[in-house]
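Please open the model in your viewer and keep the selection tool at hand.

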Amino acid sequence: MSHKYLYKFILIGDAGVGKSCVLLQYTNKKFETSYNYTIGVEFGSQMLEIKNNLIQIQIWDTAGQETFRSITRNYYREAAGAILCYDITRRSSFVNVQVWLEDILKHSPKQIEIILVGNKTDLDKKRVVSYEEGKKFAKKHNIIFMECSAKTSFNVDKIFEDLAHVIYDKT
Ligand code: GDP
């Protein structure tokens, strides 16, 4: 290994979109079915290898602080990447993505990389936000876009890997 780097990521988005589950799936390869505020893994860590460099990814979850104004500046400070989540079966969580984006841009370092994530693709029958809508929003704001399922683990690793690669390539 030539170098070791530390990247700090933050998970944001409305309550109930699946942030804790995405984190739990990525770090522990587990999915919790019952809705439980206390599963709130507030912090997770994982190692990645990029071009023979070791990258430690530290992920912070908002766990229960989802009211916009209650998120402190400290939480955003020093984050290299933000994972902005919505639920493809809940329109309001997608509408609020705009507010979250403004919040990140206001409080984060300017160079923060953002990935927009539409979670719960396993519930495709209940989908109300199309893939194209998510893609279009992300393109407009020049951020990465992906859909995933914390339940089946579809694309979960890829969210963190792609974000880490974009940050690595920039630095
Ligand atoms: P958070 O408030 O954003 O952290 O959301 P949670 O991680 O606590 O998840 C909220 C609810 O959505 C829970 O009942 C989860 O079991 C459920 N959930 C999370 N991710 C998925 C998913 O990918 N598919 C399905 N079907 N349910 C999910």
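The stops below concern a pair of helices and several aromatic rings.

This is a predicted model, in which local features need pLDDT of at least 70 and side-chain atom pairs count only at pLDDT 80 or more, while totals for chains, interfaces and linings use all residues. Residues are numbered from 1 along each chain as its sequence is written, and side-chain values use heavy atoms, with hydrogens and water left out.

**Two helices.** Select helix H1 (residues 19-28) and helix H6 (residues 156-170), which pack at an angle of about 85° with their axes 9 Å apart. H1 is therefore roughly perpendicular to H6 (an angle of 65 to 115 degrees). Next, display Val22, Gln25 and Tyr26 of H1 together with Val156, Asp157, Ile159 and Phe160 of H6, which make the contact (heavy atoms within 4.5 Å).

**Aromatic rings.** The whole structure holds seven aromatic pairs (ring centres within 6.5 Å; planes under 30 degrees apart are stacked, over 60 edge-to-face, the rest tilted). Select Phe43 in strand E2 and Trp60 in strand E3, 17 residues apart. Their ring centres are 4.5 Å apart and their planes lie at 55°, so the pair is tilted. Phe43, at 34% relative accessibility, counts as partly exposed (between buried, under 20%, and exposed, over 50%, with a 1.4 Å probe and protein chains only).

Move to Phe94 in helix H3 and Phe137 in helix H5, 43 residues apart in sequence. This pair is edge-to-face, with 6.0 Å centre to centre and 65° between the planes. Are these residues, Phe94 and Phe137, buried or exposed? Both Phe94 and Phe137 are buried.

Finally, select Phe9, Tyr26 and Phe160, which ring pairs link into a cluster.

Terms used
Axes fitted to C-alpha atoms, helices over the stretch in contact; angles between N-to-C directions. Helix = DSSP H or I, 4+ residues; strand = E, 2+ residues; numbered from the N terminus. Parallel < 35°, antiparallel > 145°, perpendicular 65-115°, else oblique.
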